[in-house]
Structure formats: structure tokens, C-alpha cells
Amino acid sequence: MFLNINDTFKLMEQLANIAMRQLLDNEAFAADRSLPKPCKTLKNVSALKRDLDARAKNERYRTMFRLTQDERLDGHTDCTLWTPFAKMHVVGQLFISNNYICFNSKEEDLCQLIIPLREVSIVEKADSSSVLPCPVSISTKNKMNFLFANLKDRDFLVQRISDFLQRTPDSSWGDTSPLSLIGHSASSSTPLSSSAGSESVHRGRHYHPGLPTASQGLLQLYHRDAPEDLGPKAMKEKMKEEAWNIHFSEFGRGVCMYRTSRTRELVLNGIPEHLRGELWLLFSGAQNEMATHPGYYGDLVEQAMGLCSLATEEIERDLHRSMPEHRAFQNETGIAALRRVLTAYAHRNPGIGYCQAMNIVTSVLLLYCPEEEAFWLLVALCERMLPDYYNTRVVGALVDQGVFEELTRAFLPLLYEHMQELGVISTISLSWFLTLFLSVMPFDSAVLLVDCFFYEGIKVIFQVALAVLHDNMDALLSCSDEGEAMTILGRYLDNVVNKQTVAPPIPHLHALLTSGDDPPPEIDIFDLIKSSYEKFGSLRSDVIEQMRFKQRLKVIQSLEDTAKRSVVRAMMTESAFSIEELEELYCLFKSKHMTSCYWGSSSSAAERHDPSLPYLEQYRIDPAQFTQLFTTLAPWICGGHTPTLAARLFKLLDENRDGLVNFKEFITGLSGMYHGDMTEKLKLLYKLHLPPALCPEEAESALEATHFFTEDVPRESSFLSDLDILGQQEVTSGEEGKDGGGDSEEKKEEKVKDYRYYLRMWAKEKDPKTETIKDLPRMNQEQFIDLCKTLYNMFSEEPLEQQLYHSIATVASLLLRIGEVGKKFNNGGKKADDAAAQAQPAAQTLAPDPQREDGLGEGASGESQVCRALADAQLEPAPLQMSDEETKDDTSVSSYSVVSSGSLQCEDIADDTVLIGGGEQRRGSVLDVDWSITFEQVLASLLTEPPLVDYFEKKRDIQVKMAACKAQRAVERQTSSASDHELTQHSV
């Protein structure tokens with residue numbers, strides 16, 4: 001397959017198109033479960049190509065005959081169709097799917113036929129002859145007969161049709177097979193319910209057959225009492241109706257009608273008002289959907305009405321803006337019908353919900369169709385004929401806007417260059433396409449374009465738009481700004497008139513607002529349509545679809561770029577990263593989210609993407625993904641301690657406690673590490689060793705308490721800490737009681753404060769309180785020891801490693817002594833030996849034997865200096881009993897210096913502490929619950945050591961980290977893809 005570059009390119013186009021459509025439909029990428037799985041052998045890899053080719057054929061088939069998205073083409077074959085109206089055999093192709101038999105002539109517009117299987121009553125093989133070889137006759141319930149001939153494999157074809165007919169649901173057949181009705185016409189008779197029963201069923205329902213709009217359009221309701229018009233316009237309308245009646249008698253009526261060039265001519269001449277709803281329903285394919293879903297609309301209305309959502313609020317807001325100049329929407333009948341149709345569709349398709357411009361189009365549909373028909377026409381418009389037009393980002397209209405620009409460049413190159421300079425095309429085309437010219441052209445004229453649109457599709461809208469630009473080319477070329485060009489086009493469209501209309505004139509609000517002293521001459525809508533076919537009739541629907549695909553890629557990329565710019569613009573004021581760095585970080589953050597959708601173990605990432613949120617909060621990552629990004633991007637790398645630090649930072653950033661971090665929160669944490677001053681960096685590091693970032697279980701595991709202490713001791717420790725907290729609360733409450741006792745009587749006598757006092761209090765509460773270093777809680781001994789471990793691991797790969805170890809050892813010793821002094825001051829009279837006895841075990845967990853370090857001198861490693869500092873802080877060092885062999889080994893070479901060449905981990909310290917001191921002493925030791933220090937003390941102590949100040953004030957470059965992250969991501973994707981393929985092979 002990949003030896004042919006054209007096939008490869010086509011395959012890539014198909015895959016990209018599927019991905020873009022999926023992204024538009026789901027607002028996020030999701031795995032396509034219908035694609036074939038990779039097979040063991042390479043010769044079967046073409047299954048993917050066969051599947052994509054089948055998809056492309058299905059798409060063309062559905063587009064050609066306006067069928068629903070669930071229709072699957074079973075096969076097609078060359079044949080001829082006998083056309084009784086022309087008395088000739090037409091060469092074309094026969095298509096068979098699970099619900100339809102369709103025919104399309106090879107010569108364009110010569111003949112097209114759609115036969116729903118639900119309408120078929122007889123399928124039989126006719127007698128073959130030299131003139132008519134291998135014929136098949138198909139008869140329908142409305143007495144139409146179709147004769148197909150020159151079929152290559154007639155027997156197989158008849159068998160396939162028979163199989164599909166047996167699976168076709170039809171209430172009129174009941175349990176009887178349709179093939180058993182050969183020679184008999186299948187009759188459909190439904191029992192009529194009594195009027196009393198009908199009333200009881202319909203009572204209380206929002207939609208029922210008794211409503212005026214359930215059986216006729218709004219125009220019929222308001223014109224039925226009008227006197228008969230016998231003027232020339234009315235006679236012209238009668239002639240159109242007669243022409244269509246003749247057409248029905250020759251070509252058939254209903255879904256099985258022959259559609260020929262004569263049908264197209266009648267549509268271009270304007271559909272009579274009385275037939276407009278019926279023919280719109282037929283040409284759009286909505287009639288088939290309505291026939292296969294009886295009662296669906298009524299049930300949907302009952303489910304949807306009364307529910308409150310953003311869509312229903314927007315619908316209520318726009319109801320009275322929908323054609324307010326038309327009398328049909330100046331009363332509750334029209335407004336209620338419009339409300340039901342829009343609400344029902346919003347409930348059917350919450351992905352679209354409601355979009356502005358849907359109200360205008362639906363209003364026009366309700367003028368000519370009953371409610372249920374208008375609903376199914378809206379379904380056809382939104383889901384098939386104008387795909388992706390009416391979603392939250394009107395992507396479909398943006399895509400067609402790009403197509404229109406390409407067509408303008410191809411057909412009107414001089415005008416295109418000038419219009420691009422003015423930026424007019426992107427402004428005008430959106431309103432033209434979204435409302436099918438209904439909002440910019442007089443109603444009686446625009447409705448003729450809707451006639452053509454339902455028959456021809458979007459190509460007629462492009463043709464007319466090009467014709468409008470062509471007619472105003474000279475005036476537009478002389479324009480100097482966008483406003484002037486918009487005025488010219490607006491006044492031109494305001495004066496496009498329909499001189500054949502029989503309806504009473506409807507004032508066009510846009511025309512009233514833009515009319516000047518000297519209005520331009522009137523333009524007949526029929527002349528405009530004719531001119532568009534003469535000049536731009538070469539446009540083909542398949543070419544437009546190909547152009548849509550290319551523009552879809554551009555629009556998606558443009559929307560993503562807009563989202564990225566919005567995020568960067570919002571974060572510029574909240575972080576010190578440059579624009580380029582923020583853009584790179586956004587891409588890395590989003591790719592981490594998207595990668596988990598494809599290569600992750602679960603689909604939770606796709607489920608938690610919420611497009612309704614602001615761009616900053618749309619993509620969110622879980623703790624595992626955050627740890628991966630932190631490990632690669634953070635400047636604080638702590639070896640094996642890094643995942644623990646990442647988990648703590650995640651807890652700190654996850655303010656709403658939903659287990660997810662968005663891009664704004666991620667950048668807030670990263671910016672503090674890279675661009676904060678020394679105080680901000682230390683404050684962040686300090687917070688990472690306090691709750692909620694540090695849970696009690698972590699602090700206990702940091703000291704290896706579960707390994708060293710008996711089961712009773714931790715309970716005692718917890719009990720002591722609880723008593724300590726309780727005592728603090730009692731002291732605090734006691735102080736408050738003392739302070740507030742004298743004022744209690746004054747408060748009772750205080751007058752009721754005025755509203756301004758409460759407004760000031762409310763404003764004070766709403767103001768975000770800036771956190772200062774005094775607001776940070778005190779750090780206890782467990783947390784401080786854990787902070788020392790983190791600092792040790794941070795320095796393991798620094799060039800000035802030994803100097804930093806020495807500095808942190810000095811600071812740790814100083815802070816331990818500060819904590820001891822503070823404890824004595826706070827307790828007010830505790831003995832020093834009691835304090836030393838409580839401080840001893842915690843320091844022992846990190847401290848090696850002081851005798852071991854005495855002989856090492858300046859050659860000692862950094863960790864030993866930290867541990868010595870912690871040991872020196874003890875007021876009464878505990879005697880450690882060691883064997884001579886252990887002492888000899890330790891003095892000859894430090895146990896720490898053995899591993900100092902690599903990066904030491906927290907676990908290394910814990911392992912060494914197991915070998916230090918006697919087990920009995922460890923079992924009897926408890927933590928010092930009175931010892932604590934403040935952030936100011938930590939900051940002041942660190943400022944005394946220049947190596948530490950230089951380390952935290954050093955500017956870090958994130959560019960190198962981001963480049964490494966991108967390289968790692970590429971490797972991960974290759975590895976994951978290979979492993980997925982291997983897993984698939986094993987499963988097969």
C-alpha cells in the first residue's frame with residue numbers, strides 16, 4: 001500500500017478527516033473503536049485501507065442521497081433504469097444499503113431515485129430477453145413500478161434485497177414477511193382511537209395533535225380566512241402549482257419520485273407556498289427520518305419542556321427576536337411552537353444545544369411546515385446539510401467561510417486581493433451562511449434560496465454569494481475601508497426582491513435601517529439565481545467537500561492557536577515566563593493530557609476535558625501525569641525523593657481537592673520555583689513540608705517510625721500532640737474570653753449597625769487576602785527533619801555540593817538550637833534534660849555516631865555533616881554501642897562516602913539510621929511535640945550562609961528542560977505504540 005505515494009496521501013487525508021470530524025463532534029479526541037485492529041502478519045495490514053475506503057464510499061453515498069448517518073452501503077453495481085416519462089433506459093448505478101435502494105444516472109441530473117425498503121411491496125425477477133437482459137422489477141405500496149436491467153449478478157442482488165426486507169421494521173406487515181406479499185399490495189390500516197380516549201391521552205401534554213401547529217404551518221393558519229386573490233401574481237402561483245401537479249403525475253409523488261433536470265427547473269422557478277413544506281421535507285431527506293421515528297418528537301417535547309439549562313435560557317431570550325416583523329410570531333401560538341421545536345432539538349442534541357441563528361431558520365420552517373416536520377427539517381439542517389454550523393464555535397460556518405475565500409480567489413482574483421486587504425469576506429460570509437441569507441435579504445426573496453438549498457445543497461449558497469460579489473465588483477474595488485464595502489453589499493441585498501410573491505409584504509428590518517436617500521435599483525431574485533448558475537454553475541458538491549476538508553484543518557488549528565494565545569495572555573500577568581515559554585509549556589501540558597487519551601491505561605483523561613470551562617481550566621492532569629511533568633521540568637530534582645515532592649506540590653496546587661490540576665495552577669507552582677525570589681522559593685519549599693501538602697502518614701514514614709517504635713509509642717505521640725493542640729485551643733479561647741468579657745455588656749447595648757457597615761464588611765471578605773510570612777504556621781520537629789532531607793537531596797547534583805552540605809548542616813544545627821530555646825521559653829520552666837531526652841530520638845534517626853565522624857576531618861561527605869549537625873544539637877548525646885569490627889570498618893571508609901559519588905536518596909539515610917544506636921533506646925524514645933520553629937527563623941538562618949543564598953537566587957533556564965521533555969515525549973509515544981502493537985498481537 002505504501003509503495004504508491006498517491007494511495008498513501010489519500011489514506012492520510014482520510015485519517016486526518018476522521019480525526020477532525022471526531023474532534024468537532026466530541027470536542028476532544030477519542031479512540032475510534034470501529035477501526036480494525038492490527039493483525040499478526042503484515043500482508044493483512046490493508047484491512048485499515050479497506051475500512052477507510054468503505055467509510056469514504058458510505059460518506060459519498062449518504063451525501064448523494066441525503067441519508068442518515070447510520071446508513072451503511074452494502075454494495076453497488078452498474079445497471080439501467082427504465083424511465084417511463086422519457087421512454088428510455090438510463091445508464092447508471094444501483095446502490096443497496098440496509099434501508100434503501102437508490103439509483104443515480106451517470107449523466108448528471110438526468111435521473112435520481114430513492115426507494116425506502118419500508119415502501120417496497122414486491123421484488124421479483126422479470127423475464128430476460130436480448131432487449132432487456134437480467135431485469136428486476138420492484139413495486140411499491142403506492143403502485144409505482146421500477147424496472148432495473150443489465151444487472152451482472154441478478155440472483156445475488158435479489159437475495160440481498162430479500163435479506164434486508166426481512167429485517168425492515170414495518171408495523172403494517174406485522175409478523176408477515178414482505179416477500180410473502182408478492183402479487184399482493186401491502187395495505188396499512190391502523191385502528192382509529194376514540195375521541196374520548198384521545199382526549200384523555202393528550203390532556204396535559206405540551207404537544208398533541210389538537211394543537212393548530214400540529215397539522216399545518218403558521219402561514220396556512222393566518223391565510224385561511226383571507227379572501228381569494230385573483231390578481232396576476234395569484235394566477236402565476238396557480239400556474240406553478242399546476243406545473244408541479246403535472247410533474248407529480250409523470251414522475252411520481254413522495255419519496256419514490258423520479259428526480260430529474262425537470263425537477264430542478266421547477267425548483268429554481270420557485271416552489272408554490274402550499275407545496276413548500278412537503279418538498280422541503282422530501283428533498284432534505286427529513287421525510288425518511290420522520291417516517292421511521294413515529295411519535296419521537298412528541299415524546300421529546302414532553303421530556304424537554306420544563307427542564308432548565310443554559311440552552312433553554314438562551315432560547316427564551318431569543319424567542320421574541322425571531323422574525324418579530326411577521327405577524328405569525330407576534331402572538332403566543334407561533335412563539336410556543338418555536339419554543340417547543342428549539343427546546344426539543346436542544347434536548348436531542350446537547351452537543352449543539354442552541355446556537356444563535358437557529359431561531360431564525362426554525363421560524364421560517366414553522367411558517368411552511370407543521371411542528372413535527374419543522375423539527376425533522378432542523379435535524380437535517382444541523383446534522384447533515386450544514387454540519388458543525390450550529391455548535392458553540394460555529395466551526396462549520398468558519399470552514400465554509402474559508403471555502404468561500406478560496407472560491408473568490410479562484411473566480412474573482414482581482415476582487416479577492418482587495419477584499420482581503422479590507423477584511424470584508426470573513427465579516428459578510430458568516431451571517432450569509434449561518435442564516436441562508438434570511439437575515440440579510442427580504443424574506444420573500446431569501447425563501448427562494450432556501451428552496452434551492454434543500455434541493456441542491458450548500459453549492460447554491462456559494463453560487464449566489466459569488467454572484468453578489470460579482471455584481472458589485474466595480475463598487476467594491478473602489479472602496480477604501482471595510483465599512484464602505486459592508487454598506488454597499490448590505491444595500492444591494494436589501495433591494496433583492498421577489499416580484500412574483502403572493503404573500504402580503506413583510507417589512508425587512510435590515511432594509512429599514514440601511515436605506516438611504518437614493519436607494520439602488522431593485523434586483524429580481526430570479527435573475528440573481530439564474531446569473532449565479534450561468535457564471536458559477538460549474539461548482540460541484542464533491543469539490544466543495546474536498547475544499548471543506550482542507551479548510552477544516554486550518555480552522556481547527558486556528559481555534560487551537562486562539563485558545564493558546566488566550567491562555568498565554570491571561571497568564572502573562574500571573575507568571576514571569578516569557579510568551580514563548582508559556583506557549584511551549586501549554587503545548588507540553590496539553591499533550592500530556594492528550595497522550596493519556598490515546599496511550600493511557602484509561603479513558604479518564606478524555607472524560608475530564610470540559611470545553612465549557614475557560615481555556616485555562618479546560619485541560620487537567622492527574623497526579624501521575626503531574627509527577628511526570630514535574631520530574632522533567634522542575635528545577636528542584638531530588639533523586640528518589642522527587643515523586644514525593646511532586647505529590648506534595650500537587651496537593652498544594654489542587655485547591656478544590658478534585659484530584660486534578662489545571663494549566664493555571666500548574667504554571668503558578670512552576671513559576672514560583674523558577675522566577676520567585678529567595679523568600680518565595682523558600683516559602684514554597686516550607687509549605688511542601690506542612691499540611692495539606694504533607695500528610696501525617698508521610699511525616700511518620702520519613703522518620704521510619706513504624707520500623708523503630710513499638711505500637712504503643714505512636715499512639716502516645718499522637719495523644720500528646722492532640723493534648724498539645726487541645727491545650728493551645730483552651731489557652732486561645734481563654735484569652736479571647738478574657739479580652740471579650742469586658743465588652744460583652746457594650747455589645748448588648750450596641751445599636752444595630754447601618755447597611756454601610758455590612759457593605760464594608762462584605763467588601764473586606766471579598767478582597768483576596770495577601771499571604772505574608774507571618775501567616776505561615778510553625779513547623780514541628782518531624783516536618784523540619786523531612787525538610788532537611790529534601791534539601792540534602794536537592795544539592796546532590798550541584799557543582800558546589802560539599803559547600804552546600806556544609807551550609808545546610810550549619811543551618812540545621814542552628815535551627816535545632818533555636819527550636820530548643822523556643823521550647824524552653826514557651827514552656828516557661830521545663831528542665832533542660834527533659835527537653836534533651838525528647839529531642840534525642842528524632843535527631844538519632846538522622847545522626848550517625850559522632851565518634852565515626854571525628855576522624856574524617858574535612859574529607860567527610862555532605863550528608864555526614866548534616867547528620868553531625870543534628871546530633872550536635874542534642875544536649876545529652878546518647879552513648880552508642882558498636883562492635884570493634886563495625887568501628888574499624890566505619891573509620892577506614894565512611895559508609896556515606898561509599899555512595900557519595902551517586903545521588904543519595906532519602907531511603908539511604910533511613911537505612912543507615914537502622915545501624916546506629918541501640919534498639920532498646922529507639923523503642924523507648926518519643927518525638928518532641930513541643931519543639932517548633934517559624935518560617936522567619938528558617939529564612940533568617942538560611943540568609944547567614946552565602947552558598948545557600950546563591951543557590952536559591954540563581955536564575956534557572958527552563959528551555960533546556962522543555963527540550964528534554966519534548967524528546968522524552970517522542971520516545972514515550974514510540975515505546976507505547978510498540979507495546980500496544982505487541983499486546984494486540986498476543987491477544988490475537
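Start by selecting Lys 87: with a relative accessibility of 60%, Lys 87 counts as exposed. You'll find Lys 87 in the loop that links β1 (73-83) to β2 (88-97). Check the backbone there too, as Lys 87 is not a glycine and still has a positive phi of about 55°. Keep in mind as you click around that this is a predicted model.

**Zoom out**

Now show the whole protein as a cartoon. You are looking at 47 helices and 13 strands. Of its 988 residues, 47% are buried. Take the contacts with a separation of 6 or more: 72% of them involve residues 24 or more positions apart.

**Colour by confidence**

Colour by pLDDT next. The average over the protein is 76, and 70% of the residues score at least 70. Among the elements, strand β3 (residues 100-105) has the highest mean, 96, while helix α33 (residues 705-708) has the lowest, 35. Then pick residues 873-925, where pLDDT stays under 50 and the model has 82 contacts beyond four places in sequence. Residues 981-988 are below 50 as well, and that stretch has eight contacts beyond near neighbours in sequence. Where pLDDT is low, the predicted coordinates should not be read in detail.

**Another loop, between strands**

Jump to Asn 142, in the loop between β6 (136-140) and β7 (145-149). Is Asn 142 buried, partly exposed or exposed? Partly exposed, because its relative accessibility is 35%, between the 20% and 50% cut-offs. Show side chains and look for the polar contact of 2.5 Å between the side chains of Asn 142 and Thr 140. Ser 121 is 21 residues away along the chain, and its C-alpha atom is 9.2 Å from that of Asn 142.

**An arginine inside a helix**

Select helix α12 (residues 332-348) and find Arg 340 in it. Arg 340 counts as buried because its relative accessible area is 9%, under the 20% cut-off. Which residue's side chain does the side chain of Arg 340 join in a polar contact of 2.6 Å? That partner is Glu 371.

**A glutamate to set beside it**

Move on to Glu 456, in helix α18 (residues 443-456). Glu 456 has a relative accessibility of 13%, so it counts as buried. Its side chain makes a polar contact of 2.9 Å with the side chain of Arg 264. Leaving out residues up to four places away in sequence, Glu 456 touches Arg 66, Arg 264, Tyr 533 and Ser 541.

**Inside helix α17**

Select residues 425-434, which make up helix α17, and colour the buried ones: Ile 425, Ile 428, Ser 429, Trp 432, Phe 433 and Leu 434. An α-helix has 3.6 residues a turn, so residues three or four places apart point the same way. What covers the buried residues of α17? The cover includes α13 (358-368), α15 (395-411), α16 (413-422), α19 (459-471) and α21 (482-494). After α17 comes Leu 436, with a positive phi near 55°.

**Rings**

Now display the aromatic side chains. The count of aromatic pairs comes to 37. For one cluster, select Tyr 586, Phe 589, Phe 626, Phe 630, Phe 650, Phe 663 and Phe 666 together. Then look for charges over rings: Arg 276 lies over the face of Tyr 368, 5.0 Å from the ring centre. At Tyr 951, the charged end of Arg 956 sits over the ring, 4.8 Å from its centre.

Go to Arg 657, in the loop between α29 (642-653) and β11 (661-662). Arg 657 is not a glycine, yet its phi is positive, about 55°. Finish at Pro 692, in the loop between α31 (678-687) and α32 (696-702). The peptide bond leading from Pro 691 to Pro 692 is cis, with omega near 5°.

Methods: Residues are numbered from 1 along each chain as its sequence is written. This is a predicted model: local features need pLDDT of at least 70, side-chain atom pairs count only at pLDDT 80 or more; totals for chains, interfaces and linings use all residues. Side-chain values use heavy atoms; hydrogens and water are left out. Buried means under 20% relative accessible area, exposed over 50%, partly exposed in between (1.4 Å probe, protein chains only). Helices (H or I, at least four residues) and strands (E, at least two) are DSSP runs, numbered from the N terminus. Contact means heavy atoms within 4.5 Å. pLDDT is the predictor's confidence in each residue, from 0 to 100. Rings of Phe, Tyr and Trp (its six-membered ring) pair if their centres lie within 6.5 Å; planes under 30 degrees apart count as stacked, over 60 as edge-to-face and the rest as tilted. A charge sits over a ring if NZ of Lys or CZ of Arg is within 6 Å of the ring centre and within 35 degrees of the ring normal. A polar contact is a pair of N or O atoms within 3.5 Å; within protein, one must be able to donate a hydrogen and the other to accept it, and residues adjacent in sequence count only if both atoms are side-chain atoms.
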